[in-house]
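Visitor: Can you walk me through this one? I would like to go by topic.

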Amino acid sequence: MTYEVKSLNEECGVFGIWGHSDAAKMTYFGLHSLQHRGQEGAGILSNDHGQLKRHRDMGLLSEVFKNPANLDKLTGTGAIGHVRYATAGEASVDNIQPFLFRFHDMQFGLAHNGNLTNAESLKQELEQRGAIFSSTSDSEILAHLIRRSHNPNLMGKIKEALSLVKGGFAYLLMFEDKLIAALDPNGFRPLSIGKMANGAVVVSSETCAFEVIGAEWIRDVKPGEIVIVDDNGIQYDSYTNDTQLAICSMEYIYFARPDSNIHGVNVHTARKRMGAQLAREFKHEADIVVGVPNSSLSAAMGFAEESGLPNEMGLIKNQYTQRTFIQPTQELREQGVRMKLSAVSGVVKGKRVVMIDDSIVRGTTSRRIVQLLKEAGASEVHVAIGSPALAYPCFYGIDIQTRQELIAANHTVEETCQIIGADSLTYLSIDGLIDSIGIETDAPNGGLCVAYFDGNYPTPLYDYEEEYRRSLGEKTSFYE
């Protein structure tokens with residue numbers, strides 16, 4: 001997918017199921033639908049009458065379970081699974097989830113999507129109290145907090161632990177007799193509940209995973225909510241009343257699959273509306289619309305319908321190239337763009353092209369695609385972005401945590417246009433984004449986190465605060 005070239009990555013995806021005779025295989029299918037959320041590692045943990053079993057490794061899901069025996073051994077009627085792309089913690093099998101913790105009196109598994117903003121402070125405090133960490137991932141912190149809580153009952157321990165961690169998190173916890181899901185007080189990361197025809201309950205980062213296993217969506221997990229699933233059914237609880245919906249707007253813009261629904265809004269439909277609004281804000285003459293595959297195709301449809309311009313396949317994606325997001329240098333990333341995409345000369349030659357993309361991060365990808373289109377004969381290339389300018393980092397689960405790596409944080413629109421070699425550059429307005437997504441809520445910003453565009457974060461930044469404030473005065477030139 002295009003994000004591999006952009007180096008803009010979601011942290012991970014989680015999937016869980018309770019009450020199915022082949023839980024691990026259902027989890028495998030569910031994780032396959034969530035592979036776009038993490039390609040660094042994968043794992044599944046199963047529950048067989050209270051005995052927890054696990055297999056995890058580096059690589060894509062299909063690589064991790066290439067040997068069928070690794071999946072067959074995960075027997076039981078409950079399971080949780082995880083696909084990972086790390087923002088916190090190094091690339092190591094020790095950081096691949098689900099984690100499994102065994103104690104003399106209990107055992108449980110844990111899978112986490114998001115990023116904790118007070119992880120370093122909590123880890124230092126826990127280590128001073130004698131905790132020993134087996135990974136460098138911030139996800140492990142919750143397990144230590146649960147274990148060290150003095151609350152007399154398990155749910156009390158879990159609620160106490162959840163109240164101590166800050167930032168963006170969607171947790172799945174597998175205990176011997178239950179599956180528990182929990183979401184942060186702002187609901188930064190998506191998490192939904194579904195049910196299969198046989199009564200099995202499923203929990204997933206995205207609803208697209210429900211389709212592949214034949215589950216029906218019940219509802220989304222609410223901010224600050226705990227969902228307990230056991231043999232008696234589903235129970236809803238909360239660990240805090242101090243909640244305010246601020247779902248990550250990049251889920252709609254870029255990360256989530258088009259066939260997923262988040263808080264009642266279909267992702268493809270939202271992207272089409274973004275494209276239509278972008279067309280209304282666009283001020284230039286053009287002949288054709290070309291979307292950058294794949295996440296920008298929905299916005300390109302909306303732009304074309306609103307503008308009346310033909311939507312053409314001017315860029316072709318090679319589906320069989322290597323994963324280029326791991327390339328360590330800009331030169332290799334730029335070569336990765338050419339390996340990923342080809343411009344269709346017969347479509348764009350002599351045409352004034354509106355190139356629709358979902359976002360600009362460093363500018364590397366945009367510059368190379370503009371160059372591809374012009375080399376293919378486009379007379380003009382007008383870049384139109386289906387989101388506002390990405391000028392501020394994310395601390396809740398996207399791997400952008402400094403302003404120095406964002407071209408919009410360091411250059412004006414005019415300068416960025418010059419750097420990427422475009423004839424014009426148009427970003428979608430923040431109000432246009434909020435209206436296009438259209439969640440039915442009275443929460444600020446339409447229930448969205450738009451801090452990446454305006455710098456107004458809905459929570460304190462805790463461990464990141466000092467470094468972030470310092471970065472506001474620093475700039476990096478993207479001119480070569």
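Visitor: How many disulfides does a search of the whole structure find?

Guide: A search of the whole structure finds 0 disulfides, a disulfide being a pair of cysteine sulfur atoms within 2.5 Å. Keep in mind that this is a predicted model, where local features need pLDDT of at least 70, side-chain atom pairs count only at pLDDT 80 or more, and totals for chains, interfaces and linings use all residues. Residues are numbered from 1 along each chain as its sequence is written, and side-chain values use heavy atoms, with hydrogens and water left out.

Visitor: Is Cys248 buried or exposed? And Cys394?

Guide: Cys248 counts as buried because its relative accessibility is 0%. Cys394 is at 2% and also counts as buried. Buried means under 20% relative accessible area, exposed over 50%, and partly exposed in between, with a 1.4 Å probe and protein chains only.

Visitor: Strands next. Which way do the residues of β17 point?

Guide: In β17 (residues 288–291), Ile288 and Val290 point one way, Val289 and Gly291 point the other way, and all are buried. Strands here are DSSP runs of E with at least two residues, helices are runs of H or I with at least four, and both are numbered from the N terminus.

Visitor: What does β17 pair with?

Guide: With β21 (residues 352–357) it pairs in the parallel sense over 4 bridges, and Val289 stands opposite Val354 there. β17 also runs parallel to β18 (residues 311–312), joined by 2 bridges, with Glu312 as the bridge partner of Val290. Two strands pair if DSSP finds at least two bridges between them.

Visitor: How does the chain get from β17 to β18?

Guide: Through helix α11 (residues 297–307), in a right-handed β-α-β crossover. Right-handed means that, with the strands pointing away from the viewer, the path from the first strand over the helix to the second runs clockwise.

Visitor: And β12, what is its arrangement with β13?

Guide: β12 and β13 (residues 233–238) pair in the antiparallel sense over 6 bridges. They form a hairpin with 2 residues between them, and Val229 has Ile234 as its bridge partner in β13.

Visitor: Where does Val221 lie?

Guide: In the loop between β11 (216–220) and β12 (225–230). Val221 counts as buried, at 1% relative accessibility.

Visitor: What is the volume of the second largest cavity, and which residues are closest to its centre?

Guide: Its volume is about 60 Å³. Of the 14 lining residues, the closest to the centre are Pro190, Leu191, Asp220, Ile262 and His263.

Visitor: And the second largest pocket, how much space is in it?

Guide: About 300 Å³. It is lined by 16 residues, and Lys166, Pro185, Asn186, Asp242 and Thr459 are the closest to its centre.

Technical notes: 1 Å grid on protein atoms, 1.4 Å probe; cavity = no way out; pocket = protein on both sides within 12 Å on 5 of 7 lines; lining within 4 Å. Points joined across faces, edges and corners; volume = space filled by probe spheres on them.
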